[in-house]
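Good morning, colleagues. Please turn to the screen, where I shall take you through one structure.

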Amino acid sequence: MKAFWAFIKKEYYHIIRDPRSLLILIGMPIVQVILFGFAITNEIVDAKISILDKSKDQLTQEISNKILSTKYFLLSEYLESAKQIEGSFRKGKIKLALVFEENFAEKFNRKERPSIQIITDATDPNTAATLTNYINKILLDYQNEISISTIAPKGIEVITRMEYNPQLKGVYLFVPGTIVIILMLISAMMTSISIAREKEKGTMEVLLVSPLKPFMIIAGKVIPYIALSLINAFTILLLGVFVFGLPIRGDYFLLLFEITLFIITSLSLGIFISTLVKTQQEALLISLMGLMLPTIILSGFIYPIESMPRILQYISHVIPAKWFLIMIRNIMIKGVEISYILKETLILLGMTLVLMVLSVKKFKIRLE
Amino acid sequence: MIVEQNPIRDKIMAEKTNDSKYVVSVKDLTKKFGSFTAVNKISFDVTKGEIFGFLGANGAGKTTAIKMLIGLSKPSSGTAIVAGYDVIKNPEKVKYKIGYMSQKFSLYDDLKVFENIRLYAGIYGIPSKEIKSKINNLIEELGMEDMRNKLVGDLPLGWKQKLAFAVAMVHDPPIVFLDEPTSGVDPITRRQFWEMIYKASEKGITVFITTHYLDEAEYCTRASIMVDGVIEALDTPTKLKENLGVKSMQEVFVKLARG
């Protein structure tokens, strides 16, 4: 046990004496949360729009005011003719143009259904769709407002409610996502590099000749990173809660349990990678290309898995981060209990087990 | 609190190694990788306090052989008794009894001189109280008092090499294995290093050394020359030269290795 303790102490020195990795370990989580927090957001604020009002009556004025009074839109200018629309878009001045047809109020009063044309800049389809949705929502609200005072509309009324995240806030998406990336980075990448370093420098050989058992060597290398990973997960959660107003609706212990489970999964991935490589560079490359990229793209962190081609959806099944993301979102945002995420928990447990068995086998072959 | 006792180590260190005068006793040791035989039925004994040179061209099988002796590789057949224990049956016990220094020196560059010593002392289960005096003694013996708190990465190669050698013997093993310990070091440093080897040998520590430098083979008590997985010759340097009628180990080597 004493030998083991001496070994952990050494690992601690490795971490604190390498300013570069220390910066990655401590600074990265904070920088990432803040970056993702402010950069990746589905909310669009202050989008510039132009209005071409061919009718210029009280009703169109009211609707325009209604739209411009929200935080989503800012008026760029009132246009005089349809020819100007193209120009405004080309200059990149506006994201959206609104066109009211002639005799708008008159038609409305005669119940002729006057129309409003929404023209968006679809070079960025996501933004265009979001803005269109905003306008539709505002128009619908307005219509309901005035129809109560006039006559009840016939037909089907659709009531939409965005459950759990009514304001469609981006934090709900990126805080769990950032935790995933940071834990992957520290647990998998840093451990694989640090084990590869022992191999590269020849110290691994000496350790293997020593009475330390291979299992102890690996455990000793991994334990400091478990601690670091937990600290980082905490930091991100705190930032999420206090800076970005993210709720944690579920059980804290369940959350801690799942985070620890994912850390161990990532560590076994890191150990497995380290058994495949001989140098730190190889470890870094495999971790980045083989782990980080698929994790970011295929875990559902940024791009929804449901909208991916079938084949990518299948591939996403083998990515541990995908399952962890499902769990952590469910716990934090929906507040579910373990029984709802049992499947995901078991999948992660299984992956961890397989990786560990593979690593031990690989490690032994090396010794033969 | 950390328990200071290490029953395994205490027991192993207390156990009297059998009275055999041999520290290493190898018989028909073989290692096969698939159909390729890297080491083919080698047999030899190393006497206590000897400086045993283990020579051979690259690919002759000496690294494989040494790996089997220190427990990094499992022999395919044959036996090897190292420091009183069978490497196949009792590899864990052997580990407490041997020191090992690889050609990469295997120190941690980002640890200080005394921290490196402390780490390996800890790994070999030396009690905390002894570790302190051990560090002081070692540093004094090496004459590294003013470098005690320096990072090993900042030391010149020669000092690193000396420190690595001392660290390999931090647990007072009866035998130390040196795998090309002098590669990449200048002649003066190499000379100083050999002085350390002699000192260790005078203290009764057996030194098992592989080297590329054939002038170094002259300093060994006995030297073996491995060719294609077998030991082609084994004797004192003087006898080896006499038998082949040549003047230097260099010539001995060339004659044997060329066949």
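How many residues of chain B are in contact with chain A? There are 25, and they meet 23 residues of chain A, where contact requires C-beta atoms, placed from the backbone, within 7 Å.

This is a predicted model, in which local features need pLDDT of at least 70 and side-chain atom pairs count only at pLDDT 80 or more, while totals for chains, interfaces and linings use all residues. Residues are numbered from 1 along each chain as its sequence is written, and chains are lettered from A and ligands numbered from 1 in the order in which they are written.

I return to the side of chain B that touches chain A. Two or more residues are given by each of helix H3 (91-97) and helix H4 (113-123) of chain B; helices here are DSSP runs of H or I with at least four residues, numbered from the N terminus. H4(B) provides the largest share, 4 residues.

Now to chain A. An automatic or database assignment divides chain A into domain 1 (47-163) and domain 2 (170-362). Their C-alpha centres lie 46 Å apart.

Finally, consider helix H11 (residues 280-298) of chain A. H11(A) has a kink of about 30° centred on A:Leu288, the bend being the angle between axes fitted to the seven residues ending there and the seven starting there. Among its buried residues are A:Ser287 and A:Leu291; buried means that 20 or more other C-beta atoms, placed from the backbone, lie within 10 Å of the residue's own. The buried residues of H11(A) pack against helices H7, H10, H12 and H13 of chain A. After H11(A) comes A:Gly300, with a positive phi near 90°.

Methods. Contact = placed C-beta atoms within 7 Å. Expected span 1.5 Å × (residues − 1). Buried ≥ 20, exposed ≤ 12 C-beta atoms within 10 Å, placed from the backbone.
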